[in-house]
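Dear colleague,

Please find below the structure that I am handing over to you. My findings follow directly after it.

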Amino acid sequence: MERTDRELLRLCRLGDREAFEELVRRYQRKVMAVAIGMVRNPDDALEITQDAFVKAYENIQNFKGESSFYTWIYRIVVNRAIDLRRRQRRKPTIGLEDRVRNLERDEPAEASIVDDSPTGPFDRARSTEISERLQSAIDELTPDHKAAIVLREVEGLSYEEISRVMRCSKGTVMSRLHYARKKLQARLKDLI
């Protein structure tokens with residue numbers, strides 16, 4: 001019989017590491033998906049995911065249970081991703097040597113946002129173009145707007161869940177989603 005998050009959290013507070021490991025197994029894929037959606041780099045997303053679970057474990061005694069564990073861990077991930085993006089914006093631009101090194105790495109391709117299941121080369125090229133343009137448009141959003149879009153459209157969270165994750169009102173979530181969607185529509189109007 002599967003234990004509830006509440007029961008696992010109670011056991012975690014008593015020092016049961018296996019209970020926390022069960023929470024990690026339960027949520028690691030969803031947390032990683034949010035992190036990738038926010039930072040678009042699998043290595044950074046993995047670091048954010050690991051960091052979020054470490055922070056949750058270290059602060060499990062402080063978790064009051066006013067929200068679900070799911071909401072709490074997502075909030076940590078979103079905040080970590082926003083912090084990383086802010087730090088990256090402060091860094092100097094990548095030089096030519098770094099770009100060449102990045103191209104030489106044998107890294108897996110990122111998953112496509114568009115799932116049209118194209119059949120021919122033209123369809124695959126078009127699908128790739130749409131996916132790249134959509135991801136580029138999402139990347140231009142502010143971190144808060146990007147988080148709202150990822151949590152709603154990729155993860156399927158409700159407005160209430162997003163408001164708890166982002167620690168803002170439901171109205172603010174709706175406003176951020178509206179702004180983000182309008183911005184995406186403007187950038188992708190020729191595709192719509």
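Among contacts (heavy atoms within 4.5 Å) between residues at least 6 apart in sequence, 60% join residues at least 24 apart. The model is predicted, so local features need pLDDT of at least 70 and side-chain atom pairs count only at pLDDT 80 or more, while totals for chains, interfaces and linings use all residues. Residues are numbered from 1 along each chain as its sequence is written, and side-chain values use heavy atoms, with hydrogens and water left out.

The protein has nine helices and zero strands; these are DSSP runs numbered from the N terminus (helices H or I, at least four residues; strands E, at least two). Of its 192 residues, 38% are buried, meaning under 20% relative accessible area with a 1.4 Å probe, protein chains only.

In helix H1 (residues 5-13), the buried residues are Asp 5, Leu 8, Leu 9, Leu 11 and Cys 12. Viewed down the axis of H1, they fall within an arc of 160° (taken from the directions from the helix axis to the C-beta atoms), and therefore line one face of the helix. Gly 15, with a positive phi near 95°, follows H1.

Helices H2 (residues 17-39) and H7 (residues 143-154) have axes that come within 9 Å and cross at roughly 140°, the axes being lines fitted to C-alpha atoms over the stretch in contact, with angles from 0 to 180 degrees between N-to-C directions. From H2, Val 34, Gly 37, Met 38 and Val 39 meet Pro 143, Lys 146, Ala 147, Val 150 and Leu 151 of H7.

With kind regards

Key: Buried < 20%, exposed > 50% of the residue type's maximum accessible area, 1.4 Å probe, protein only.
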